[in-house]
Amino acid sequence: MHRLPHRGWTVLALLVVGLLVGGRARAQAPRKPSSPPPFEVLRAEEDYRYLRDPDAPRAPLDGMKYLPLNEKGSVFLSLGGDLRQRVEYYRHPDWAEAPAADGAWLQRYMLHGDVWLWNLARAFFQLKSGWTHGREGGPGPTDEDRLDVHQAFVEARPWERADEGLQVRLGRQELQFGSARLVSVREGPNVRRTFDGARTRLRLHQWDLSAFAVRPVATEPGVFDDGPLRTQGFWGLYAEHPLPVLPGGNVDLYYLGFSNSQARYAQGEGREQRHSFGTRWWGTSGRWDYNLEAVLQVGRFSGAPLLAWTVASDTGFTLERLPLSPRLGVMADIASGDPDAEAPSLGTFNPLFPRGSYFGEIALLGPYNFIDLHPVLRLHPSRSLVLSAEWTGFWRQRVEDGIYGPSGALVRPPGGSSSRWVGHQVNFTANWQLGRYTHVYATASRFFAGTFLQQTGSSRDVIFLQAEVSLRF
């Protein structure tokens, strides 16, 4: 039987200590908002206790958000859900001659119930169902999960005061930190990511501190067949705090531990234990916004040393007084590759649990062994409609290493090519929020294969089209 590494149990012990310390204080409900708050990407973070106040602002479907279960209304049930319908089309997927074209209809259904108990505890339960029709060769790994438990956890809230408080959560749950570069719910693909384990969160004196010890849950296509991946463990500490030395600035500091007994890179397969130490500096200052992140990874792979790193940036400038309020931005990122596939040591950066669509919904490449430059123009024809045009160039950081897909699978070994140039991509998107509940999204992309792909195998340009409508309530 595989066990969590001892560091994981150390983090778990911190969770219990946090609960005992916080249990001495008193819980308090949050303040009433001035208008119904928007829905969260992480639905379990929504809090409708303010609806106990008969004068609280209400949206049309808020009747299902507060269903009292006792006379005082201090015990209540909150219901919600997400429905998404998506069609997509690839021409020459994976740069291959065949199939020349591939299309699919993807459906996502998620429903949840949230029982709150006297401001002190809650139980959250969420079902998910994802279906895919028409995909050449059958559904991909994140395309289909016919019916399963997505989240099922209990949460204690022993202490809460205004914007401060302590939460301890046990069970199946979503995790997402920072800008979701390393830990994401994987919103883009049809089936979202979840974890089994424990997490505690303490908000105090403007600090937002999380500690967790979990295992990722394997996505299986059948009915109630998902379970924790016994070959992997994930634990860590994540902290956020305002950074007064930068105008409008904030800083994230974190440590993330990861183990995988079946890791695979260009140099082979083996046991991996990786420790990531990172920081993110982000905020807005006038018309400028910025998001800078750096990570150093150490550990061992197949018994040999591991050393990897990444630096990522996203900087923009918004011209609010011009028509369409354009934002001009540029992203520049680099992540280390392995300098020698024959040597036992490993240099390939591992992004752990990143967004499934890290470089756009076309999702051909994952953030391993790469350099990219990514200018973006974003326009706002109205408050609810956002249009964007992007160009991204891709290079290999190390020519001795290959390129990897969003899941971390090696999709093209180095093949003896000395070229860094993988290719470039253009992307156009439209995001339209129709009222409180409906969202429409469309994107069109083309990937132009570069020298590395031409020298190592199939290298057709890839065309990708996608349209979706989603309902959230």
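Q: Is V298 buried, partly exposed or exposed?
A: This is a predicted model, in which local features need pLDDT of at least 70, side-chain atom pairs count only at pLDDT 80 or more, and totals for chains, interfaces and linings use all residues. Residues are numbered from 1 along each chain as its sequence is written, and side-chain values use heavy atoms, leaving out hydrogens and water. Buried means under 20% relative accessible area, exposed over 50%, and partly exposed in between, with a 1.4 Å probe and protein chains only. V298 has 31% relative accessibility, so V298 is partly exposed.

Q: Which element gives the most residues to the nonpolar patch?
A: The patch consists of F277, L296, V298, L307, W309 and V311, with about 510 Å² of accessible area together (Shrake-Rupley method, 1.4 Å probe). The elements giving two or more residues are β13 (288–301) and β14 (304–318), where strands are DSSP runs (E, at least two residues) numbered from the N terminus. With three residues, the largest contribution comes from β14.

Q: Which residues is S357 in contact with, leaving aside its neighbours within four places in sequence?
A: S357 lies in the loop between β15 (327–335) and β16 (370–382), and its relative accessibility of 14% means that S357 counts as buried. The C-alpha atoms of S357 and G188 are separated by 5.7 Å, although these residues are 169 apart along the chain. Contact means heavy atoms within 4.5 Å. With those neighbours left aside, S357 is in contact with G188 and P189.

Q: Why is the pair of F234 and F353 called tilted?
A: Rings of Phe, Tyr and Trp (its six-membered ring) pair if their centres lie within 6.5 Å; planes under 30 degrees apart count as stacked, over 60 as edge-to-face and the rest as tilted. F234 is in strand β10 (residues 232–242) and F353 in the loop between β15 and β16. Their ring centres are 4.8 Å apart and their planes stand at 55 degrees, so the pair is tilted.

Q: What is the angle between the planes of F394 and F447?
A: F394 belongs to strand β17 (residues 385–395) and F447 to strand β21 (residues 438–449), 53 residues apart. Both F394 and F447 are buried. Their rings are 5.7 Å centre to centre and form a stacked pair, with the planes at 25 degrees.

Note on methods: Patches are made of residues with over 30% relative accessible area and no salt bridge: like charges are joined within 9 Å, nonpolar side chains (Val, Leu, Ile, Met, Phe, Trp, Tyr) within 5 Å. A salt bridge is a side-chain nitrogen of Lys or Arg within 4 Å of a carboxyl oxygen of Asp or Glu. Helices (H or I, at least four residues) and strands (E, at least two) are DSSP runs, numbered from the N terminus.
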